[in-house]
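Reader: Could you walk me through this structure, one question at a time? I would like to see how each answer is reached.

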Amino acid sequence: MSNSLSVAQPRKRAPLWLWPLVWGALLLLSVVAMSAAEPLFRWIEPDARQVIYDRADFYVLLGRHLLVVGIAALVTVVVGVSAGIAVTRERGSDFLPLVGQLASLGQTFPPVAVLALAVPVLGFGTLPIIVALMLYGMLPIVRNTLAGLQAVDIDIKTAAHAMGMTPTQTLRYVELPLAAPVILAGIRTSVTINIATAALGATVGASNLGDPIISGIVNGNMAYVVQGALTIALLALTVDSLFELLQRQLRSRLSAP
Amino acid sequence: MIELSHVSKRFGEETAVDDISLRVPKGKFCALVGTSGCGKSTTLRMINRLIEHSEGDIILDGQAIEVYDPVKLRRRIGYVIQHTGLFPHWNVARNIGLVPRLLKWSAADVQGRVEELMDLLGLPVGEFAHKYPHQLSGGQAQRVGVARALAADPDILLMDEPFGALDPITREKLQDELAKLQARLHKTVVFVTHDMDEALKLADHLVVMREGRIVQQGSPLALLQQPADSFVESLLGGLERGLKQAALTRVKDHMTSMGPTLPAQSRIPADFSLRQALSMMLRDHSDRLTVVDQHDVPIGELSLRRIIKEAQLDKGSARE
């Protein structure tokens with residue numbers, strides 16, 4: 001080895017899968033064994049008749065919560081990334097400013113207001129919250145897709161073009177892989193925000209981990225609120241740490257300097 | 001063969017390339033030289049249709065380039081750029097094998113070709129095949145760039161200031177290697193540079209451009225002997241011109257057979273340049289050198305008087 005610097009050992013780190021495992025385990029524990037913590041919640045609400053939320057099982061609420069966030073994320077990723085790709089192509093470049101502004105608008109519009117406007121049109125239930133989450137989560141994905149694609153070195157794109165790659169091949173083998181870490185960071189932000197925002201769905205009849213919180217507020221039972229908030233926080237931490245793992249893996253696979 | 005006749009390129013109001021005509025015969029090395037913004041890179045990019053020309057004809061191997069499918073055309077033309085444009089997420093072997101893979105060669109053929117090229121460019125396969133571009137020095141990266149351009153064995157090679165970003169020592173080394181490579185491979189090369197010395201060293205045919213027009217073209221020696229105007233003359237180095245011309249001339253073209261006088265003290269190999277011979281004369285305070293072959297056997301003599309006399313004759317004949 002001619003270069004002794006390149007063999008320097010990296011700093012010792014906790015294994016990559018440690019945090020997803022820790023947060024995931026705590027999340028699982030909280031949804032299956034919330035009642036075991038009854039003394040704790042009793043201490044928070046000594047006078048309440050009931051201190052453990054029991055109108056639905058926590059794992060059912062967790063499942064519904066994940067479903068709502070998942071569907072919204074899927075649609076947002078497909079729409080946001082496609083829009084980002086479309087406006088960075090030569091033909092779509094006229095729409096670049098428009099798409100950027102629309103995405104920003106989506107995030108400046110408060111999700112509560114979106115819910116209020118969506119319910120009369122879509123009715124109560126899961127649909128309004130999915131729409132609200134989509135609008136709210138669009139900005140980070142569109143913005144990062146644009147940033148990632150625009151950051152690909154012009155020399156690299158010229159070379160791809162000049163070597164005889166078709167535009168589709170350039171996009172698939174050069175631009176998207178190079179932009180992937182930035183796009184993934186946008187998806188991570190979007191999904192993590194929406195895990196918390198999805199709790200609002202409980203106000204329009206979409207049953208999820210927001211239920212205990214809303215119910216706790218309505219009935220003046222702080223123990224319920226804590227249970228809902230705790231589970232949502234653990235879910236957000238689990239998902240966020242999974243994204244961290246994914247990003248690291250991607251980075252090492254792309255071996256960027 | 002590449003032939004441009006009356007080619008122009010306009011970007012809106014602005015004319016980047018203005019009515020240029022030039023011919024690069026098969027296997028020849030043509031250098032486009034000029035200051036930045038003179039249209040030399042635009043000219044290069046019109047040949048592989050990265051930029052479409054506005055007027056005139058560009059003929060490749062007897063066919064107008066509009067006839068070719070642009071993607072297929074580019075796959076049969078090698079292209080090297082200044083900052084290499086290597087894909088940072090691909091290792092060296094994968095970068096080099098790009099065009100063969102686009103042409104759907106079998107994996108074994110691609111691998112064979114990649115190893116052959118790495119050998120050719122002095123990049124040991126074991127050491128470099130799995131390195132990534134950011135792990136390479138500037139010179140190594142540009143070798144990979146050249147290997148990538150040569151991968152599918154194209155007849156034509158376009159090079160856009162390929163050595164412009166390298167330090168002088170690495171640049172000179174790569175120029176020497178490119179000259180050797182060209183002597184072996186006989187590609188039809190169009191090479192863009194703003195470095196006149198580089199152009200003089202490598203080119204068979206030199207094209208000087210200014211503000212989108214060709215000011216003068218011809219062999220390097222012809223340009224050195226008779227620059228068309230003061231612009232070409234200044235590009236050629238003004239007062240240094242004499243030495244640049246000497247650098248392009250071999251000792252063996254000016255030597256005489258051994259005279260009756262005693263052999264001179266200093267010896268110079270016959271394939272060295274006249275510039276090196278002059279430098280040696282200055283160093284050794286001598287106006288005569290003994291010319292030797294590769295086995296260090298004296299085969300002739302070089303005298304300052306004769307060099308100057310022949311230069312006068314050349315000048316006379318060039319005027320006619």
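Reader: How far apart do the C-alpha centres of domain 1 and domain 2 of chain B lie?

Author: This is a predicted model, in which local features need pLDDT of at least 70, side-chain atom pairs count only at pLDDT 80 or more, and totals for chains, interfaces and linings use all residues. Residues are numbered from 1 along each chain as its sequence is written, while chains are lettered from A and ligands numbered from 1 in the order in which they are written. Domain bounds come from an automatic or database domain assignment, and for chain B they give domain 1 (2–241) and domain 2 (249–319). The C-alpha centres of these two domains are separated by 35 Å.

Reader: Which residues have the most contacts inside the largest nonpolar core?

Author: A nonpolar core is a set of buried Ala, Val, Leu, Ile, Met, Phe, Trp, Tyr and Cys residues joined through C-beta atoms within 7 Å. A residue is buried if 20 or more other C-beta atoms lie within 10 Å of its own, exposed if 12 or fewer, and partly exposed in between, with C-beta atoms placed from the backbone. The largest core has 133 residues, and those with the most contacts inside it are B:Ala31, B:Val33, B:Val190 and B:Phe191.

Reader: Which helix of chain A gives the most to this core?

Author: Helices (H or I, at least four residues) and strands (E, at least two) are DSSP runs, numbered from the N terminus. Chain A has 10 helices and zero strands. The one that gives the most to the core, with 13 residues, spans 126–150 and is helix α6.

Reader: How many residues are in the second, separate core?

Author: Its members include B:Val251, B:Leu274, B:Leu289 and B:Val291. The size of this second core is 11 residues.

Reader: Which element gives the most to the side of chain A that touches chain B?

Author: Two residues are in contact if their C-beta atoms, placed from the backbone, lie within 7 Å. By that rule, 17 residues of chain A meet 17 residues of chain B. On the chain A side, the elements giving two or more residues are α7 (154–162) and α8 (167–197). With six residues, the top contributor is α7(A).

Reader: And how many residues on that side are nonpolar?

Author: Here Ala, Val, Leu, Ile, Met, Phe, Trp, Tyr, Cys and Pro count as nonpolar, Asp, Glu, Lys and Arg as charged, and the others, Gly among them, as polar. On the side of chain A that touches chain B, five residues are polar and one is charged, while the nonpolar ones number 11.

Reader: What percentage of residues 58–87 of chain A is helix?

Author: UniProt, in an unreviewed entry, lists this span among its "transmembrane region" features; positions are given in the numbering used here, feature names are shortened, and annotations may be inferred rather than shown by experiment. Its end C-alpha atoms are 42 Å apart.
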